[in-house]
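Here is a quick tour of a protein model for someone meeting it for the first time. Have a look at the structure, then read on.

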Amino acid sequence: MREVAPGIHRIESDLGPRFVAQYLLVGTDRTLLIDTGLAGTPDEVLIPALERAGAEPDLIVISHADLDHCGGNRRMRERYPGALLACPELDRRWIESNEAMLAENYQWHQPYGLEQPDEADRQAMLADLGGDVPVDLGLRGGETLRLGPDRRLEVLHLPGHTPGHLGVWDPATGTAIVIDAALCDGIYDRMGNKLIPPRYYDVAAYRHTIRRIAALEPELLLTAHYQPMGHAEARAFCERSTTYVDAVEAIVSEQRAAGEIRLKELTDRVDERLGPFPEFATEIAAGVRSHLAAAT
């Protein structure tokens, strides 16, 4: 765990060939943890880091519905029963139900002939999700979180990657914590190789989110799968995120003009042109479907 801005600590853990980060925000009155990682992350990383820092979260906010961001919910609830667990209200169904998450977030494309996880992969994903747990508080964006008399944070609604994706804006330090709300031109492994495509379910919402992040002009941009970025890097990150969406839109438009509207074939074309993405290439399909819907 390292302090990246006054009162903001980044906790990073391995996620196969890449990494994922959670954030601990410490105020004089309250302590906030953003995300819980996979099912094993609390015991392997989070709880030891919090104990070394002498910190206990009063509030745990889940940024969005993905297994590497909410899989540790059940264990954190067990370890810190006094902490309130909050999540995006629009993602609550997936976050509270592992089966709903798996079926509706990771296997929705089954009717389209895209590659599906086999039973072993399915069981591994359920294990990483950690078991069902109820959420105490649903957030929609616009709420203010008070950590102390001089430290207030704004909850941001940053949809696109998921319907309810949340971020946090800290005006005291000019820090935007956006987790997966914008994903550049893909997620890279630790060696700098392109690995996973950006996923967005709603292209209009995703574009708006990227513009909103850029408009904040953060001095520090914090995500889950990229290193911390200063002002200029944050601007370039947003530009690259938009450029990727533009490129997907151009490929879909070109293929539609040629008569191709099948989701699997369009997804394969995007992967060929903008990838290849060795992992989770099927997540391209969410964006492709949104571009198709926007064009009709």
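## Starting at Gln255

At 14% relative accessibility, Gln255 counts as buried (buried means under 20% relative accessible area, exposed over 50% and partly exposed in between, with a 1.4 Å probe and protein chains only). Gln255 sits in helix H8; helices here are DSSP runs of H or I with at least four residues, strands are runs of E with at least two, and both are numbered from the N terminus. Setting aside neighbours within four places in sequence, Gln255 is in contact with Glu260, Leu266, Arg269 and Arg273, where contact means heavy atoms within 4.5 Å.

A word on the ground rules. This is a predicted model, in which local features need pLDDT of at least 70 and side-chain atom pairs count only at pLDDT 80 or more, while totals for chains, interfaces and linings use all residues. Residues are numbered from 1 along each chain as its sequence is written, and side-chain values use heavy atoms, leaving out hydrogens and water.

## The whole chain

Stepping back, the chain has 10 helices and 15 strands. Its C-alpha atoms fill a box of roughly 60 × 45 × 35 Å along the principal axes. The radius of gyration is 19 Å, which agrees with the value near 19 Å for a compact globule of 296 residues; that radius is taken over C-alpha atoms, and the globule rule is 2.2 Å times the number of residues to the power 0.38.

Of the 296 residues, 55% count as buried. Take the contacts between residues at least 6 apart in sequence: 67% of them join residues at least 24 apart. The chain exposes about 12400 Å², and carbon and sulfur atoms supply 50% of that (areas come from the Shrake-Rupley method with a 1.4 Å probe; for residues, only the protein chains shown count as cover).

## The nonpolar core

In soluble globular proteins, nonpolar side chains tend to be buried together. A nonpolar core is a set of buried Ala, Val, Leu, Ile, Met, Phe, Trp, Tyr and Cys residues joined through side-chain atoms within 4.5 Å. The largest one here has 96 residues, and Tyr23, Leu25, Leu32, Ile177 and Val288 touch the most other members. Helix H8 (residues 231–257) gives the most to this core, with 8 residues.

What does Ile177 touch, not counting residues up to four places away in sequence? The list is Ile8, Tyr23, Leu25, Ile34, Gly167, Val168 and Leu222.

## Buried charged residues

Arg199 lies in the loop between strand E13 (194–196) and helix H7 (203–216). Its relative accessible area is 2%, so Arg199 is buried. Beyond residues up to four places away in sequence, Arg199 touches Ala65, Asp66, Asn105, Tyr106, His161, Thr162, Leu183, Glu283 and Ala286. Two of the residues on that list, Asn105 and Tyr106, are among the buried residues of helix H5 (residues 98–106). The buried residues of H5 pack against helix H2 (67–70), H4 and helix H6 (119–129).

Arg92 is found in that helix H4 (residues 92–96) and is buried too, at 18%. Leaving aside neighbours within four places in sequence, Arg92 is in contact with Cys87, Val135, Leu137 and Gly138. Over in helix H9 (residues 263–274) is Asp271, which counts as buried at 18% relative accessibility. With neighbours within four places left out, Asp271 is in contact with Pro276, Phe277, Ala281 and Ile284.

Most residues other than glycine have a negative phi, and most peptide bonds are trans. Where is the cis peptide bond? It joins Gly275 and Pro276, with omega about 0 degrees. Pro276 is in the loop between H9 and helix H10 (284–295).

Phe280 is found in the loop between H9 and H10 as well. Phe280 is not a glycine, yet its phi is positive, at about 55 degrees. Buried or exposed, or in between? At a relative accessible area of 41%, Phe280 is partly exposed. Asp35, in the loop between strand E4 (31–34) and helix H1 (41–53), has a positive phi near 80 degrees. Asp35 is buried, with a relative accessible area of 0%.
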